Each structure stands twice: as C-alpha cells, then as structure tokens.
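Me: I would like to learn how to read the features of a model such as this one, going from the overall fold down to single residues. Could we take it step by step, with the general idea before each case?

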Amino acid sequence: MTLRADAQRNLDRVLVAASECFAERGVDASADEIARRAGVGHGTVFRRFPTKDALIVAVVAMQMHAVAETAEAALAEPDAGAAFAGFVRDAADAYTRNRALLDALDLCLETPEFEALVGAVRALVARAQEAGALRRDVTADDVLALVPTASRFPEVVLDGLRPPGR
C-alpha cells in the first residue's frame, strides 16, 4: 500500500527521530519524546506503530539491514581476511553509535532483516575460514555475539578470532 506524500514524510520523520532517540537513550526512550522530535503528534506515531515494540522492531530492522549490506559488500572484497576484519570493525562501530541495535535484538529474531544479516555473516565467516584467516570453530552467531566487545576492543576480538599462528 502506497502512503500519501504527507503520511510518508511523517513516517520517515518518526523513523529518523526514533533512530536518534533509541541511539541516545536506548529502547527506554519514550514515544512522546520521539513524536516531539519528529514534529508529529503522539497519535501519529501509534497510528503507524500500534505498540512501542513495533516501532523498535522497525528501527532496529532498518539498522540490521544496513549492517547486512556492509557484510554483503565485504563478500565482494578480494582479501577474505581483510574483508572479515573490516566487517567486524564496521559492525562494532554501528553498535557503538546505537546500542539499541543489540538491546532490542530479541524482538527482531524473526524478521527478514535479521535472517539476511545472519546469512551474510555466515557467508563472510565461511569465506574467511576457507582463506585461513578465521578460526574453524567460530560461527556467525559467535561473531554477532562478539560485536559489543569489539565495539570497545576491536583488535583484541579480531586477534582472538584468528587461527593460532596467524
């Protein structure tokens, strides 16, 4: 269903405001604050997103989509090890900028965006392992679980993921 131009503008403003609020305050940011920042009424937020969780899922799904695109772009890089390391750094940076990305992850496990993210990271992990740049016992789930730690200590995490002797 295509939205009217004004409705689409309001939706876009709500999503941008929600992204900013969640990035700054986590998922505890209020719908009133989001509406105020978006320049819309409280009802406008809940007309499109019937619950705060629905709004959180929409925002986090957009962010997961962006991280998945980063992983997919890394798959095209010629050096599998450098591509993997670059992805870990980029994902950690995304987490640093917006901690709601992982705080609300449990709400998004069934979304197509999460499935796409996991699929892209699996391919990236397999490629790095085949190139000998990543330990064989590491999974995509491990990599995604390490992102919060990598946001503070990226090189330590990457060193721990390399095969012994590399």
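Me: How many helices and strands are there in the protein?

Reply: Helices (H or I, at least four residues) and strands (E, at least two) are DSSP runs, numbered from the N terminus. By that reading the protein has 9 helices and 0 strands, and from the N terminus on its elements run α-α-α-α-α-α-α-α-α. Please keep in mind that this is a predicted model, in which local features need pLDDT of at least 70 and side-chain atom pairs count only at pLDDT 80 or more, while totals for chains, interfaces and linings use all residues. Residues are numbered from 1 along each chain as its sequence is written, and side-chain values use heavy atoms, with hydrogens and water left out.

Me: What does the C-alpha trace span along its principal axes, and what share of the residues is buried?

Reply: The C-alpha trace spans about 60 × 30 × 20 Å along its principal axes. A residue is called buried under 20% relative accessible area, exposed over 50%, and partly exposed in between (1.4 Å probe, protein chains only); of the 166 residues in the protein, 42% are buried. Contact means heavy atoms within 4.5 Å, and among the contacts between residues at least 6 apart in sequence, 66% join residues at least 24 apart.

Me: How should I read the packing of two helices, and at what angle do the axes of α4 and α7 cross?

Reply: Two packed helices are described by the angle between their axes and the distance between the axes. Here the axes are lines fitted to C-alpha atoms, for helices over the stretch in contact, and angles run from 0 to 180 degrees between N-to-C directions. The axes of helix α4 (residues 52-75) and α7 come within 8 Å and cross at roughly 25 degrees. Therefore α4 counts as roughly parallel to α7, given that angles under 35 degrees count as roughly parallel, over 145 as roughly antiparallel, 65 to 115 as roughly perpendicular and the rest as oblique. The crossing of α4 and α7 is left-handed, a term used if the near helix is turned anticlockwise from the far one by less than a right angle, with right-handed used if clockwise.

Me: Which residues make the contact of α4 with α7, and how do they divide by class?

Reply: From α4 the contact includes A61, M64, H65, V67 and A68, and from α7 it includes E113, F114, A116, L117 and A120. By class, the contact of α4 with α7 has 14 nonpolar, 1 polar and 3 charged residues, where Ala, Val, Leu, Ile, Met, Phe, Trp, Tyr, Cys and Pro count as nonpolar, Asp, Glu, Lys and Arg as charged, and the others, Gly among them, as polar.

Me: At what angle do the axes of α5 and α7 cross?

Reply: The axes of α5 and α7 come within 8 Å and cross at roughly 140 degrees, which means that α5 is oblique to α7. The crossing of α5 and α7 is left-handed. A80, A83, F84 and F87 of α5 meet V121, L124, V125, R127 and A128 of α7, and by class this contact has 8 nonpolar, no polar and 1 charged residues.

Me: Where does helix α8 bend, and what covers its buried residues?

Reply: The bend at a residue is the angle between axes fitted to the seven residues ending there and the seven starting there. Helix α8 (residues 140-152) bends by about 45 degrees at L146, and a proline, P148, follows within four residues. The buried residues of α8 are A140, V143, L144, V147, A150 and S151, and their cover includes α5 (80-97), α7 (112-130) and α9 (154-161).

Me: Which residues of α2 are buried?

Reply: In helix α2 (residues 31-38), A31, E33, I34, A35 and A38 are buried, and the buried residues of α2 pack against α1 (5-25), α3 (42-48) and α4. Just after α2, G39 takes a positive phi of about 75 degrees.

Me: What does V59 touch?

Reply: V59, placed in helix α4, touches L15, A18, S19 and F22, not counting residues up to four places away in sequence. V59 is buried, with a relative accessible area of 1%, and the C-alpha atoms of V59 and L101, 42 residues apart along the chain, are separated by 8.7 Å.
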